[in-house]
Amino acid sequence: MITELSTYTQNVYIFITKTHDNLDENVIESANNENYYTSIHNPIKEMVFGKKIKPGDVAPVITRYNWASNTIYQAFFDRSNTLFTVSDSDVEKSFYVYSSSGNVYKCIDNNSGGESTVEPSHTDSASREESDGYKWKYMYTVPSGSKFITDNYIPVVSNSSVIDSANRGIERYFLKSGGNNYIETVNGIVQSTVSSSEFVIESKSLSFANGLAFVPENKFFNNTSILLFEPG
């Protein structure tokens, strides 16, 4: 609608109509769908006044979620079906917050579901991790005194610097399965050198992540990465 208003050649108005008494003020009357004439012309006949709508009179808005300490926020996930369906009973709240300085931030990492205790305040384009483990991405600043700020909503504002600095990349990855049977890291000392590509490490008992211990056979570490440190 904003784009339409900026290019529309005709005037657009919002109007107040139908001022007759309502039999029950607690019941919203349904729209009149009897026929085209009554649904279109009756509101015009009963119109009281109208206000012309200009491009600056409308704005896209989102639900306002003020940042609050000791709150768990959702980490943004582009395949989530619950990002915009937050309720008061949900443990994890919105994936974005409205700060006390009027900035809007997107939560990139919520420290594995921990509580947010440090309010973000940066305004540069890079994501920043706070001391509480939360990682926030600055999106935009709501102009002070904007007429579209209410207790329930805040306007969406285009930020050219954020748009221009946006790059494709991976901000966070999710580990679905940690795997199993990995061998724990063990330090050892080279006992002897067999050839330029083969050497002997001291015999040690190793263990899997599940606690099962074993003594490796010859050539057990072939095709694995081994980091060598020179003495001193």
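## Basis

This is a predicted model, in which local features need pLDDT of at least 70 and side-chain atom pairs count only at pLDDT 80 or more, while totals for chains, interfaces and linings use all residues. Residues are numbered from 1 along each chain as its sequence is written, and side-chain values use heavy atoms, without hydrogens and water.

## Whole protein

The protein has three helices and twelve strands (DSSP runs numbered from the N terminus: helices are H or I of at least four residues, strands E of at least two). Of its 232 residues, 20% are buried, meaning under 20% relative accessible area with a 1.4 Å probe, protein chains only.

## Nonpolar cores

A nonpolar core is a set of buried Ala, Val, Leu, Ile, Met, Phe, Trp, Tyr and Cys residues joined through side-chain atoms within 4.5 Å. The largest has ten residues, including Trp67, Tyr105, Trp136 and Tyr138. Strands E5 (103-110) and E7 each supply at least two residues of this core; E7 gives the largest share, three residues. Another core, of eight residues, lies apart from it, with Phe95, Tyr98, Val104 and Tyr140 among them.

## Lys137

Lys137 lies in strand E7 (residues 134-141) and is buried, with a relative accessible area of 15%. Its side chain reaches the backbone oxygen of Ser125 at 2.4 Å, a polar contact (a pair of N or O atoms within 3.5 Å; within protein, one must be able to donate a hydrogen and the other to accept it, and residues adjacent in sequence count only if both atoms are side-chain atoms).

Setting aside residues up to four places away in sequence, Lys137 touches Val104, Tyr105, Lys106, Ile108, His122, Ser125 and Ser127 (heavy atoms within 4.5 Å).

Note on methods. Buried < 20%, exposed > 50% of the residue type's maximum accessible area, 1.4 Å probe, protein only.
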